[in-house]
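Q: I'm new to this one. Can you walk me through a few spots?

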Amino acid sequence: MIKLNSSPKTALAIILAATFVLSGCDDKKDNSAKNNSQDNSQTILRVGTSGAYPPFESRDANGNLVGFDVDVLNAIGKKLNYKIEWTTAEFSGLFGMLDTHRIDTIANLVSVTPERQKKYLFSKDYAYDGAQLVVKKDSNIQNLSDLKGKVLGAMLGNDLQQYAAQWDASHGNPFTIKTYQDNSGVYDDVVNGRLDAFIDSEITALVQIKAKNLPLKIASDKKLYTIEQAFPFRKDDKDQAFVNKFNQALDELSKDGTLTRLSVQWLGKDITHP
């Protein structure tokens, strides 16, 4: 309380001092709120996906992201008490988004390759598949060497396209590769003869063929190569510490049967073990 017999200058000084103290308290509250906001943001895992690669990731009739990869990431998020924040983009742009810190990882049936391992830090494998050619039921094509003078479809930027391009270049470019941003119309192009074959993961191909009752088949019982899938992260100390926790959650989901259950639910078989 300011005494009535205080001088005007003294009173003014006391008022200003009190105002400064109160202002400082408000600043502390604001800073505390900001810090809390920053702490909350650390519980968000930003995941990029094309949202167009069923049964691993796609959108349902209501526009919600669904699929095996989606459920696996959501289960990991629950284990770690992280909220999964999904971002959709064309597959060819997802690694660029990871490089520029716009997302933290990718859920799009990402294959582990030596080239990617040089640049990215991968989680433990969570799925195993095989690369295959998808052809018409009456086709005699069994492998890449049978595609001389023909057209092969591939997803732009994925390892299957890169594998086919490297094989083609090393064998004198016998076939043409037509790339696609997603596989929504690719299988129809094989049915209609616009493609002679399409290179895809075996499990994805089998699910697509069965779901749409397409007159297609897997070209051969022999896989072109075995695919190991994992989640990529940037290579730095912060991400290494997080990936250790991420891997622990994957281990727990494997041991309690969650990964197997989700695989059978979405894919009709267990692909979570080599």
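Q: What is S220 in contact with, leaving aside its neighbours within four places in sequence?
A: S220 is in contact with Q132 and Q142. Contact means heavy atoms within 4.5 Å. This is a predicted model, where local features need pLDDT of at least 70, side-chain atom pairs count only at pLDDT 80 or more, and totals for chains, interfaces and linings use all residues. Residues are numbered from 1 along each chain as its sequence is written, and side-chain values use heavy atoms, with hydrogens and water left out.

Q: Where is the place of S220?
A: S220 sits in the loop between strand 11 (216–218) and strand 12. Helices (H or I, at least four residues) and strands (E, at least two) are DSSP runs, numbered from the N terminus.

Q: Which backbone nitrogen lies 3.0 Å from a polar atom of the S220 side chain?
A: That of K222. A polar contact is a pair of N or O atoms within 3.5 Å; within protein, one must be able to donate a hydrogen and the other to accept it, and residues adjacent in sequence count only if both atoms are side-chain atoms.

Q: On to another serine. Where is S139 found?
A: In the loop between strand 7 and strand 8. The S139 side chain reaches the backbone nitrogen of I141 at 3.1 Å.

Q: Why does S139 count as buried?
A: Because its relative accessibility is 16%. Buried means under 20% relative accessible area, exposed over 50%, partly exposed in between (1.4 Å probe, protein chains only).

Q: Now helix 5. How does its span compare with what it should be?
A: Helix 5 covers residues 159–170, twelve residues. At 1.5 Å a residue it should span 16 Å, and its end C-alpha atoms are 16 Å apart, so the two agree. The expected span is 1.5 Å times one less than the number of residues.

Q: What happens at the start of helix 5?
A: A side-chain oxygen of N158 comes to within 3.2 Å of the backbone nitrogen of L160. After helix 5 comes G172, with a positive phi near 80°.

Q: Which residues of helix 5 are buried?
A: D159, L160, Q161, A164, W167 and D168. Their cover includes helix 4 (114–119) and strand 7 (127–136).

Q: How many cavities of 30 Å³ or more are there?
A: One. On a 1 Å grid over the protein atoms alone, a cavity is a set of points where a 1.4 Å probe fits but cannot get out, and a pocket is an open set with protein on both sides within 12 Å along at least five of seven lines; lining residues have an atom within 4 Å of a point.

Q: What volume does the largest cavity have, and what lines it?
A: The volume is about 120 Å³. Its lining has 14 residues, and Y53, N108, L109, N158 and D159 lie nearest the centre. Helix 5 and strand 12 each supply at least two of the lining residues.

Q: How much space lies in the second largest pocket?
A: About 230 Å³. Helix 4, helix 5 and strand 12 each give two or more residues to its lining. Nearest the centre of that pocket are T113, P114, E115, D159 and Q162.

Q: Last one. Where is M97 found?
A: In helix 3 (residues 91–99). M97 is buried, with a relative accessible area of 11%. Beyond its neighbours within four places in sequence, M97 is in contact with T87, A89, R102 and I103.

Methods:
Points joined across faces, edges and corners; volume = space filled by probe spheres on them.
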